[in-house]
Amino acid sequence: MRQPVPNMSPEAWAEYRAGLRKRRWRQFLQMVASHTGLITMSVVFIFPLYLVFVVSVMSFDQASNRDLWPNPFIWHNYVEVFTAVPFLKWTLNTLFVSVMTMIGTVVSSVPPAYVLSHLQWKGRQVTFVIILSTMMLPGQVTMIPVYVIFSKLHWIPSFLPLIVPSFFAGAFSIFLLRQFFVSIPEEITDAGRIDGCNELQLMLRIIIPLVKPAIAAVGLFSFLGAWNDFFGPLLYLVENQDLWTLGIGLNAFRGLHHVDTSMMMTASALFMLPVIIIFFFSQKVFIEGVTLTGVKG
Amino acid sequence: MTSIASALVPPRKRGASAPATKPAKLKTPWLFIFFCMSPWLFGFLGFTVYPMGASLYESFTKFNLIDSPQWIGLDNYHRMFFEDPDFWKALWNTVWISAISIPLRIGFAIFTAWLLTTAKRGRSIYRTIFFIPSMVPTVAATMVFTVIFNPAFGTINMLLQKIGVKNPPYWFMDPSWSKWGLIILGLWGIGDTMLIFLAGLLDVPRSLYEAASLEGANGWQQFRYITVPLMTPVIFFSAVTGVIGSFQYFTQAYVASSQVNDFSHSMYFYATHIYYAAFQSYEMGYAAALAWVLLVITLICTLVMLRTQKRWVHYPNGSLFK
């Protein structure tokens, strides 16, 4: 060990080393305490997920037995869930709605976000405040007339009431994109203007390539929002079993299938697995999106 | 406005927004702006403005979706306040769960975020673990919790019995405990709120803590007099969104009660009441009236909170919209 000051007296040196040891010991204790806390909380957060996957491979009897480890592993549950209920159809329906929602949201939200961040125009601030305030509007207030519109169009039951509105730029996605867009210096668009780009070229050729992560974030949020949605499908799809999504199907599981906890957990596991996989591949985008807007989906 | 030129050249007069050095004043491309905003604009008119007007009108009518609306004046509102015990039940349940879960959620989010800041190594792993539950589809998460809290074969009651609780609650199957099940389910999905608090906590300048500890402030005092005041904007934000969200609280309660047969309506919330009025008994007019009362309640709550914020929320830059 090196002395902080050369040629310290032996007493001072010993005292220094004791102080250092004490400080290190305190730091070590703090680290132990912090990790103990973190690991305990991790166990609490992980446990429900662990339970889903464990129960999903248990036998019917074992699942009602408070066991925490499958014995034997019934992997067959993952095959049976596709034959016991129309699980494949639910998955494809959910996937279709989610992908269409994602496309609609991205295509329709990028232009407003660009106009609200990189163009100066009278009324821009007012428009932005209106957009922000519609985010706070409870959906129930508009729900009934919107339902009436869709029912007059004979769109119920069908996927259209879930997909079509997403092509009309949601407030949340405009807000999220705009928060990313404003981080691009206006000098870039100004320079483009001086060089003779028109606004459409500026948006498509300069801004969009720079904000690919933001667009990915909005796409992801809208995909997951549709994947996880329950209320929309409950209103618009319930009447036709062929259109059911995973959420609706899972909630009706008890009625369709005999009460079988392990099979229900198999279905739940398959329902949440894509979300968790997507999350692992796009963590950074996700966390940035949530931190920037304070909202998820 | 951030360029050096615009900082050096003072604006010519109040209201002249374009700095003198801006390259030749460009004509506002109104056509392009209109084209770009049109998806939002038509959506706003068709899915927000018109429906709001229509639902306000429908709230004064008797309307069952098939026949055209029939004007009945204030009858729907009268019925709500004086003839509908379910309305009061739903309102009470909603107020009860908000009053408990909003502060709990904020406290828990601060706690988990703070716990993450104590880690010098491995913070991102823990953060991922804490965040994942908030991604799980609501229906799946609720299903899992009805299994974990199942009185007969759930893990929670097994643990409670192991540590000596003689008669653990029946959770979702017991009207006086079911809401606690929902509250715990909500706490499990704290991830997104936690991330906002984490960003806030990491933004607090270290120098403030160092200065405070030189002055002899202990850990709690630092937390109370540095961390909490700097977190108040985030606390305020999550309180407002929490209130708005809790009046729309639906999916968890609906799924949980359809799993366990909630006969006593202990998980019957305001949004559930609207849903049943509109889509089970097809009383669209009454449901619209309920929705408008919901809007007024949330507006009042938000305004009250905005009023009180001057007293306890500290904005470092002095404004809400930076």
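Residues are numbered from 1 along each chain as its sequence is written, and chains are lettered from A in the order in which they are written. Local features need pLDDT of at least 70 and side-chain atom pairs count only at pLDDT 80 or more, whereas totals for chains, interfaces and linings use all residues.

Within chain A, helix α7 (residues 160–163) has the highest confidence, at 96, and helix α16 (residues 283–293) the lowest, at a mean of 77. Helices here are DSSP runs of H or I with at least four residues, numbered from the N terminus. Where pLDDT is low, the predicted coordinates should not be read in detail.

Chain A is split into domain 1 (10–55) and domain 2 (85–293), with bounds from an automatic or database domain assignment. Their C-alpha centres are 41 Å apart.

In chain A, the axes of helix α4 (residues 87–118) and helix α8 (residues 171–181) come within 8 Å and cross at roughly 50°. Such axes are lines fitted to C-alpha atoms over the stretch in contact, with angles from 0 to 180 degrees between N-to-C directions. α4(A) and α8(A) are therefore oblique to each other (under 35 degrees counts as roughly parallel, over 145 as roughly antiparallel, 65 to 115 as roughly perpendicular and the rest as oblique). From α4(A), the residues that meet α8(A) include A:Thr105, A:Val110 and A:Tyr114; on α8(A), A:Ile174, A:Leu177 and A:Phe181 are among the partners. By class, this contact of α4(A) with α8(A) has eight nonpolar, five polar and one charged residues (Ala, Val, Leu, Ile, Met, Phe, Trp, Tyr, Cys and Pro are nonpolar; Asp, Glu, Lys and Arg charged; the others, Gly among them, polar).

In chain B, the axes of helix α4 (residues 85–118) and helix α11 (residues 219–246) come within 10 Å and cross at roughly 150°. These two helices, α4(B) and α11(B), are therefore roughly antiparallel. Contributors to the contact include B:Ile97, B:Ser101 and B:Arg105 of α4(B), and B:Ile235, B:Ala239 and B:Gly242 of α11(B).

Between the chains, 75 residues of chain B are in contact with 72 residues of chain A, contact being C-beta atoms, placed from the backbone, within 7 Å. Helix α2 (residues 30–58) of chain B gives the most to chain B's side, with 17 residues. That side divides into 56 nonpolar, 16 polar and three charged residues.

Definitions and conventions: Two residues are in contact if their C-beta atoms, placed from the backbone, lie within 7 Å. pLDDT is the predictor's confidence in each residue, from 0 to 100.
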